[in-house]
Amino acid sequence: MSFSALTINENEENIALNIEETTIDTLSQGEVVIQVAYSSVNYKDSLAVKPNGGVIRTYPMIPGIDLSGTVLSSQDDRFKKSDKVLVTGYGLGVTHTGGFAQIARVPAEWVVPLPENLGLKEAMLFGTAGFTAALSVQALEQHGLSQNKEATILVTGASGGVGTLTIAMLKKLGYANIIALSRKKTVTDSLKKIGAAEVLLLDEFMPEKIKPLAKQTIDFAIDTVGGAVTCALLPQLSYGGSIAICGNAAGIKLNTTVLPFILRGTNLLGIDSVNVPMPQRVAIWQRLATDLNVSQQALTNEISLEELPTIFDQLQSGTHHGRTIVKMK
């Protein structure tokens, strides 16, 4: 049986993207074969298709770091034909053929049963971005956020997938003082619609010179961009405040001091969505199906495999907004 897949090939340091007909024999090994219904497009996917993007090192490869679909066959007793499932993280779309294909084959240890009250499309409205957002929100809850509904919460990279879903989740949980930080003035209205009380432009937020300590204006933050933005955030955290950091679109370097940590007791919480242990993974997806289910508020665009290169370009240029999901034909 042949099926369509987006394949990346490398040729003399150049990357070629093609929609190709392939067979299951070309897929990485695994116990569970899945008919893919949806995948989603994440910033990491846009890096995967760049030369020297630092994501994929072995070619050819089918990218796509998440998927939802229906089990076609399983060599593992935990799954049977027709089960609805999803997969995010691990090596999917990086070292293991991924979700931008009509068929996927994955290790059983990676597979999450689709929670009740969550459809296959909804699962990828969240995808890796929603999973990351939920992990970030939960990390802040565990560090004091749940005891302070009036907290001032800043969300960086607010117009991206993680950012928009984070804002919607915080709003649903009852937090009113949500500040969205974005470099795009055009997204102000849409960010306020999903829950932001205020939208700050990056140029307004970034000081000319970052001081070791500044006025305490932010109680908690979810930082999707890293780099200089994180450096500017840390000095503004209130005493005992926390930042959950889950991205590095603005760079991987962090030029800061220890003063916010030792004089104000602040916390910098690292969020990894790739290797989350399965019990925690299942619990987060259960929350995405219940108290964090903001799929109706998600800013979503649905595309085909053929349209993926355009979305990759938008993600790299910073013009992408919200979530894009890929529907497999």
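Q: What makes up the largest nonpolar core, and which residues have the most contacts inside it?
A: In this predicted model, the largest nonpolar core has 53 residues. Ile 167, Met 169, Leu 191 and Trp 285 have the most contacts inside this core. At least two core residues each come from β3 (32–41), α2 (120–141), β8 (153–155), α3 (161–172), β9 (178–182), α4 (188–194), β11 (218–223) and α8 (278–288). The most is given by α2, with 13 residues.

Q: What makes a set of residues a nonpolar core?
A: The residues must be buried and of the listed nonpolar kinds, and they must be joined through side-chain atoms within 4.5 Å. A second, separate core of 42 residues is also found, and includes Leu 27, Leu 67, Tyr 90 and Ala 104. In soluble globular proteins, nonpolar side chains tend to be buried together.

Q: Which residues are in contact with Ile 167, leaving aside its neighbours within four places in sequence?
A: Ile 167 is in contact with Val 155, Ala 158, Ile 178, Ala 180, Leu 191, Ile 194, Gly 195 and Ala 196.

Q: Why does Gly 144 count as partly exposed?
A: Buried requires under 20% relative accessible area and exposed requires over 50%. Gly 144 has 23% relative accessibility, so this residue counts as partly exposed. Gly 144 is in the loop between α2 and β8. Gly 240 is 96 residues away from Gly 144 in sequence, but their C-alpha atoms are 8.6 Å apart.

Q: Is Lys 192 buried, partly exposed or exposed, and what value decides this?
A: Lys 192 has 44% relative accessibility and therefore counts as partly exposed. Lys 192 is found in helix α4. Not counting residues up to four places away in sequence, Lys 192 touches Ala 197 and Val 199. Leu 47 is 145 residues from Lys 192 in sequence and 29 Å away in space, C-alpha to C-alpha.

Notes: Residues numbered from 1 in each chain as written. Predicted model: local features only at pLDDT ≥ 70, side-chain atom pairs only at ≥ 80, totals over all residues. Heavy atoms only, no water. Buried < 20%, exposed > 50% of the residue type's maximum accessible area, 1.4 Å probe, protein only. Helix = DSSP H or I, 4+ residues; strand = E, 2+ residues; numbered from the N terminus. Contact = heavy atoms within 4.5 Å.
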